[in-house]
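Subject: The structure for you to look at

Dear colleague,

Here is the structure I promised to pass on to you, together with some notes to read beside it. Please keep the sequence and the 3D view open while you go through them.

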Amino acid sequence: MPAQKVVEGVRAIRALDWDLPMFDELIPLPEGTTYNAYLVQGGEKNALVDTVDGRMTAELMDALARIGVEQLHYIVANHAEKDHSGSLPAVLAEYPSAKLVTNSRCAGMLQDSLFVPRERIQVVDDGETLSLGSRTLQFHLAPGVHWPETMFTLLREDGILFTCDFLGAHFASTDLFVTPAVMGGSSIKRYFAEIMAPYRPHVRKHLAKVREMNPAIVAPSHGPLHKDVAAILDLHEEWASENVKNEVMLLHVSTHGATRAMADHLMNALLEREICVRPFHLTRADMGELAIALLDAATIVVASPTILAGLHPLAASAAFLANQLRPKAKILGVIGAYGWGGRMVEQLNGLLSNTKAEALPPVLVKGHPRAQDLLALDELADTIRRKHHDLGLL
Ligand code: FEO
């Protein structure tokens, strides 16, 4: 685990995790991730800001020993989730005089999940400061990005803002600071889509707070650090807005080809009408790509056959996930083939209860689509085009 200099007296100790295939057994990690802890040496006292995932505790302890940290006075917990707090028990044991510094809500969570003794915890409130001698930490509560107990820690003299998950990325790289390739790629957006997108109102509020703080460096606890703070804030501002693009997400799955024929016809009809289509074949769709597309799509169309008297389970799973991620979409469509009946549309409406999108009349076909069914799909494409035009997207 490298301990890299951020500025003199501040080191990033980053656990590079190339191997974890899925975060939370849900989110694919095609580019790995990092868990970043930060050592701040303040003249009189030392503080460690966040720790790392419990699986990588030995590497964190080894890095602290190699730096020669004999005394640690404070360990700041910005967030209770175990990818940042998992090593806390080991660090508290290694440095028995160190205090765990965190807010009251996070303190409760850490007592519940890691059995941190109450007497080791120093509770701080919003705006409170902690002197390390020549350096000062200031704590800013940031509930909702993405847990209710999250906070930021500002190293005032250096203008370094430790934001934990906020403004982070699942991207394992030996580069300490972000590169143009990472800024222009999809890993930061993928992280936002999967972790922060459901909390967009909170994100917007905390982006404004970060702008007010005007830090020189943003130091998250996943992925690279940022010196061009305006650039990373601007990216997040766009993703956290409710803006959508002239795009249709087409989530499709088929059993014997009838629904697939409908999905293909609709896709071509939309493309002919100058509407961008993002198709997702649900037997092999990457859920991270799906989450990213949800940030942009004005319309979501689910194409599913009726199976087991309802929605195909893969379509149900994708709709459930999309609903949990609070899609921005303004319009919803459903198409599909059935043999003799079922409750597909009712089930889908129930699964997408978090969206305020307008549901268009479904196009459901008994058996294989005939000429009049293809005309109905053309009419659906016309309706979507008209709606996108009315939204000012065309
Ligand atoms: Fe990276 Fe919410 O933990």
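What follows is an account of what was found, going from the whole chain to single residues.

Please bear in mind from the start that this is a predicted model, and that the values below were computed from it.

The chain as a whole

The protein chain has 394 residues, of which 55% count as buried, and its secondary structure comes to 13 helices and 22 strands. If you draw a box along the principal axes around the C-alpha atoms, that box is roughly 80 × 40 × 35 Å.

Aromatic rings

A pair of aromatic rings is described by the distance of the centres and the angle of the planes. Tyr-38 and Phe-162 form a tilted pair, with 4.8 Å from centre to centre and 45 degrees between the planes. This pair links distant parts of the chain, since Tyr-38 belongs to strand β5 (residues 33-41) and Phe-162 to strand β13 (residues 160-164), 124 residues apart. Both Tyr-38 and Phe-162 are buried.

Phe-192 and Trp-239 also form a tilted pair, in which the centres are 5.7 Å apart and the planes make an angle of 45 degrees. Here too distant parts of the chain are linked, with Phe-192 in helix α6 (residues 187-196) and Trp-239 in helix α8 (residues 229-240), 47 residues apart. Phe-192 counts as buried because its relative accessibility is 1%, and Trp-239 counts as buried because its relative accessibility is 9%, where the cut-off for buried is under 20%.

One ring is also involved with a charge: the charged end of Lys-227 sits over the ring of Phe-177, at 4.3 Å from the centre of that ring.

Thr-259 is found in helix α9 (residues 258-272), and with a relative accessibility of 1% it counts as buried. If its neighbours within four places in sequence are left aside, Thr-259 is in contact with Val-253, Ser-254, Ala-303, Ser-304, Pro-305, Gly-336 and Ala-337.

Gln-111 lies in helix α4 (residues 104-114); its relative accessibility is 26%, and therefore Gln-111 counts as partly exposed. Again leaving aside neighbours within four places in sequence, Gln-111 is in contact with Val-116, Arg-118 and Ile-121. Gln-111 and Ala-90 are 21 residues apart along the chain, and their C-alpha atoms are separated by 15 Å.

Ala-208 has its place in helix α7 (residues 200-213) and is partly exposed, with a relative accessible area of 39%. Between the C-alpha atoms of Ala-208 and Ser-173, which are 35 residues apart along the chain, there is a separation of 28 Å.

Backbone features to look at

Most residues other than glycine have a negative phi, and most peptide bonds are trans.

A cis peptide bond joins Val-145 and His-146, with omega at about 5 degrees, and His-146 lies in the loop between β11 (136-141) and β12 (151-155).

Leu-167, although it is not a glycine, has a positive phi of about 70 degrees. Leu-167 is placed in the loop between β13 and α5 (180-184), and it counts as buried because its relative accessibility is 1%.

Glu-274 is likewise not a glycine, and its phi is positive at about 65 degrees. This residue lies in the loop between α9 and β16 (276-281). Is Glu-274 buried or exposed? With a relative accessible area of 57%, Glu-274 is exposed, as exposed means over 50% relative accessible area.

Key
Residues are numbered from 1 along each chain as its sequence is written. This is a predicted model: local features need pLDDT of at least 70, side-chain atom pairs count only at pLDDT 80 or more; totals for chains, interfaces and linings use all residues. Side-chain values use heavy atoms; hydrogens and water are left out. Helices (H or I, at least four residues) and strands (E, at least two) are DSSP runs, numbered from the N terminus. Buried means under 20% relative accessible area, exposed over 50%, partly exposed in between (1.4 Å probe, protein chains only). Rings of Phe, Tyr and Trp (its six-membered ring) pair if their centres lie within 6.5 Å; planes under 30 degrees apart count as stacked, over 60 as edge-to-face and the rest as tilted. A charge sits over a ring if NZ of Lys or CZ of Arg is within 6 Å of the ring centre and within 35 degrees of the ring normal. Contact means heavy atoms within 4.5 Å.
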